[in-house]
Amino acid sequence: MQKAQELCRKTSTLFVLDEVQTGMYRTGTFLAAHQFGLRPDMVVLAKALSGGLMPVSAVLMTDKVYHAVYSSLKRAIVHTSTFSENSLSMRAGLATLDVLEREDLGRARCSSARCFAPGCAADCPASTW
Ligand SMILES: Cc1ncc(COP(=O)(O)O)c(C=O)c1O
């Protein structure tokens, strides 16, 4: 993954990670990327974002990507669907994040999880996303 990130930086390519299966503390840290010191430009999340109960997904991105592409409809081609951004799914996603934060479940998960990165221990970097 480090090599892929380096290659993306060298070729001015966005480094995008799919963390649908690995994000939301499922591998220890909020994103698996945090265990490997990766700095993705964009990250895709889904499934566990609603506790698996509602169809919801999200694309996280750096401010740089957001302002270069999505901050104005003049620059972005918006791909959407009938039920995208529906209130119930958005509420389920926000509620999941709220419970994780309020009950500090991420920290509990991080200290009890066996992280995948070599040498990674209880002092996993906390998520800043
Ligand atoms: C790693 C990964 N990315 C993306 C997807 C697609 O997710 P969805 O079915 O929510 O579009 C899946 C589905 O299993 C997945 O495992």
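Me: What pattern does the protein follow when it is read along the sequence?

Reply: In this predicted model, the protein follows the pattern α-β-β-β-α-α-α when read along the sequence, and it holds 4 helices and 3 strands.

Me: How do you know where the confidence is highest and where it is lowest?

Reply: The pLDDT of the protein averages 85, and 84% of the residues score at least 70. Among the elements, strand E1 (residues 16-18) has the highest confidence, at 98, whereas helix H4 (residues 105-112) has the lowest, at a mean of 70. Over residues 125-129 the pLDDT is below 50, although this stretch has 10 contacts in the model beyond near neighbours in sequence. Where pLDDT is low, the predicted coordinates should not be read in detail.

Me: What makes Tyr25 a buried residue?

Reply: Burial requires 20 or more other C-beta atoms within 10 Å, and Tyr25 has 20 of them within that distance, so it is buried. Tyr25 lies in the loop between E1 and strand E2 (42-45), and it is also one of the 11 residues of the largest nonpolar core. Its phi is positive, about 70 degrees, although Tyr25 is not a glycine. Most residues other than glycine have a negative phi.

Me: Which residues make up the largest nonpolar core?

Reply: The core consists of Leu17, Met24, Tyr25, Phe30, Leu31, Ala32, Ala33, Val43, Leu45, Leu49 and Val56. Leaving aside neighbours within four places in sequence, Leu49 is in contact with Met24, Val56, Ser57, Ala58, Gly93 and Thr96. Over the whole protein, buried residues make up 18% of the 129 residues.

Me: Why is Glu85 called exposed?

Reply: A residue counts as exposed if 12 or fewer other C-beta atoms lie within 10 Å of its own, and Glu85, with 9 such neighbours, therefore counts as exposed. Glu85 is found in the loop between helix H2 (63-70) and helix H3 (87-102), and its phi is positive, near 55 degrees, in a residue other than glycine.

Me: What makes H1 a hardly covered helix?

Reply: The count of buried residues among the 9 residues of H1 is 0, and H1 is accordingly described as hardly covered. Gln2 lies in this helix, which runs over residues 2-10, and it counts as exposed because it has 9 C-beta neighbours inside 10 Å, where the cut-off for exposure is 12 or fewer. The C-alpha atoms of Gln2 and Gly37 are separated by 8.3 Å, while the two residues are 35 residues apart along the chain. H1 is followed by Ser12, which has a positive phi near 55 degrees.

Me: Why is Val16 called partly exposed?

Reply: Val16 has 14 C-beta neighbours inside 10 Å, and since the partly exposed class lies between the limits of 12 or fewer for exposed and 20 or more for buried, Val16 counts as partly exposed. Val16 is found in strand E1, and, leaving aside its neighbours within four places in sequence, it is in contact with Pro40, Asp41 and Met42. The C-alpha atoms of Val16 and Arg39, 23 residues apart along the chain, are separated by 9.4 Å.

Me: Which residues are around the ligand, and how does the shell divide?

Reply: The residues around the ligand are Asp18, Val20, Gln21, Ala46 and Ser57, and this shell divides into 2 nonpolar, 2 polar and 1 charged. Ser57 is also among the contacts of Leu49.

Methods: Residues numbered from 1 in each chain as written. Predicted model: local features only at pLDDT ≥ 70, side-chain atom pairs only at ≥ 80, totals over all residues. Near = placed C-beta within 6 Å. Nonpolar A, V, L, I, M, F, W, Y, C, P; charged D, E, K, R; others polar. Core = buried A, V, L, I, M, F, W, Y, C linked by C-beta atoms within 7 Å. Contact = placed C-beta atoms within 7 Å. pLDDT = per-residue confidence, 0-100. Helix = DSSP H or I, 4+ residues; strand = E, 2+ residues; numbered from the N terminus.
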